[in-house]
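Visitor: I've got a new chain to look at. Can you walk me through it?

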Amino acid sequence: MDSRFLQSLIIVIETGSIAAAARSQNLTAAAVSQRVKSLENALGCRLLSRTGHSAKATQACLQILPRLKRIVAEVDAVATDLDSKQLRGELRVGVISTLLSTLLPRCVQYLADSAPNLLLQIVPGTSKALYQQLQEQQLDLAILIQPPFEPAKVLRSEFLFAEPLALIGLQPSTDIIQSISRHAFIQYDKSAWGGSIANSFLVDKQISVTPLCEIDSLESIALMVKMGMGVSLVPHWQGLQALASNLQISPIEDSKYQRNIQLLTHRQSGREQLIAEFKRALDAV
């Protein structure tokens, strides 16, 4: 059973389309279909249900899908096992947006020297989306906000650092509650993991707001505040001041409202040595 065929099948299931899977692998749709057909013949069952241009896994396929993913991961790890330094191969890293321009570039620079044969595939996204992708083994590790629940047992979590909640505006503030009440408020999306922390401050302090808008993009919020559109409650991340140097930042001195950043890894990734090197890069920077 060719692991490349298994990989094609997995991508079809993830994208919901043979054509999309073909594009992502630089193959023709006919070639991907033939790979799936070969697997169906070998296993003696239908793996895909096709309707129009879409394709989804059959019940039989869903039953064996976790094992197929493990097989592909183990095959991918063979090259790493054969490398004397065990620092060769691909590492799929999920990162939240505020770390893409601060922490991540320094890690990439470190790894370019320490592991030149390591290929980093960087996947930006929200904490919620990255967590889901890590669970489904589409990622090997993710740097994200601490989940508001106990992570799945198949995942391993490590605390990296904390970011205090802060009020940002164009004027210095000695009374955060009063500043929020007097200005238009730009709200960090309450459904986002970080946004729910900011919203809990409003609820605990009984502050009623009518948001100018609600958005899950801290960079956009900072720019709107920079333009004088209002104030906001956001985590004080490392690149905030560089993004908008004219902002006045008033930290909230209560750890209850801080945003904890974690490193989550999948216990069955098969890339333990590569993950360990990435952790060394984090420690170094």
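**Starting at one arginine**

Visitor: Where is Arg-259 found?

Guide: Arg-259 is found in strand 12, which covers residues 259–266. Helices (H or I, at least four residues) and strands (E, at least two) are DSSP runs, numbered from the N terminus. This is a predicted model, in which local features need pLDDT of at least 70 and side-chain atom pairs pLDDT 80 or more, while totals for chains, interfaces and linings use all residues. Residues are numbered from 1 along each chain, and side-chain values use heavy atoms, without hydrogens or water.

Visitor: Is Arg-259 buried or exposed?

Guide: Arg-259 is buried, at a relative accessible area of 3%. Buried means under 20%, exposed over 50%, and partly exposed in between (1.4 Å probe, protein chains only).

Visitor: And which residues is Arg-259 in contact with?

Guide: Skip the neighbours within four places in sequence, and the list includes Ile-96, Thr-98, Phe-161, Glu-163, Tyr-188, Leu-218 and Trp-237. Contact means heavy atoms within 4.5 Å.

Visitor: How many salt bridges does the structure hold?

Guide: It holds 8. One of them joins the side chains of Asp-140 and Arg-271, at 3.1 Å from N to O.

Visitor: Where do Asp-140 and Arg-271 lie?

Guide: Both lie in loops. Asp-140 is between helix 6 (127–135) and strand 5 (141–145). Arg-271 is between strand 12 and helix 11 (272–284). They are 131 residues apart in sequence, so this pair also ties separate parts together.

Visitor: Are Asp-140 and Arg-271 buried or exposed?

Guide: Both are buried. They also belong to a network of salt bridges, with Arg-92 as the other member.

Visitor: Give me another pair. What does Glu-158 form with Lys-279?

Guide: A salt bridge, with the closest N and O atoms 2.5 Å apart. Glu-158 sits in strand 6 (residues 155–163) and Lys-279 in helix 11. That links distant parts of the chain, 121 residues apart.

Visitor: New topic. Which residues touch the most other members of the largest nonpolar core?

Guide: Leu-91, Ile-180, Phe-201, Leu-233 and Phe-278 do, in a core of 64 residues. A nonpolar core is a set of buried Ala, Val, Leu, Ile, Met, Phe, Trp, Tyr and Cys residues joined through side-chain atoms within 4.5 Å.

Visitor: Which residues is Phe-278 in contact with?

Guide: With neighbours within four places left aside, Phe-278 is in contact with Leu-91, Val-93, Leu-111, Leu-120, Leu-141 and Ile-143.

Visitor: What does the second core include?

Guide: The second core is separate and has 19 residues. Among them are Leu-9, Ile-10, Val-12 and Cys-61. In soluble globular proteins, nonpolar side chains tend to be buried together.

Visitor: How far are the C-alpha atoms of Leu-119 and Val-95 separated?

Guide: By 16 Å, and the two residues are 24 apart along the chain.

Visitor: Now zoom out. What does the secondary structure come to?

Guide: The chain has 11 helices and 12 strands. Its C-alpha atoms fill a box of roughly 70 × 50 × 30 Å along the principal axes.

Visitor: How many of the 285 residues count as buried?

Guide: 45% of them do.

Conventions:
A salt bridge is a side-chain nitrogen of Lys or Arg within 4 Å of a carboxyl oxygen of Asp or Glu.
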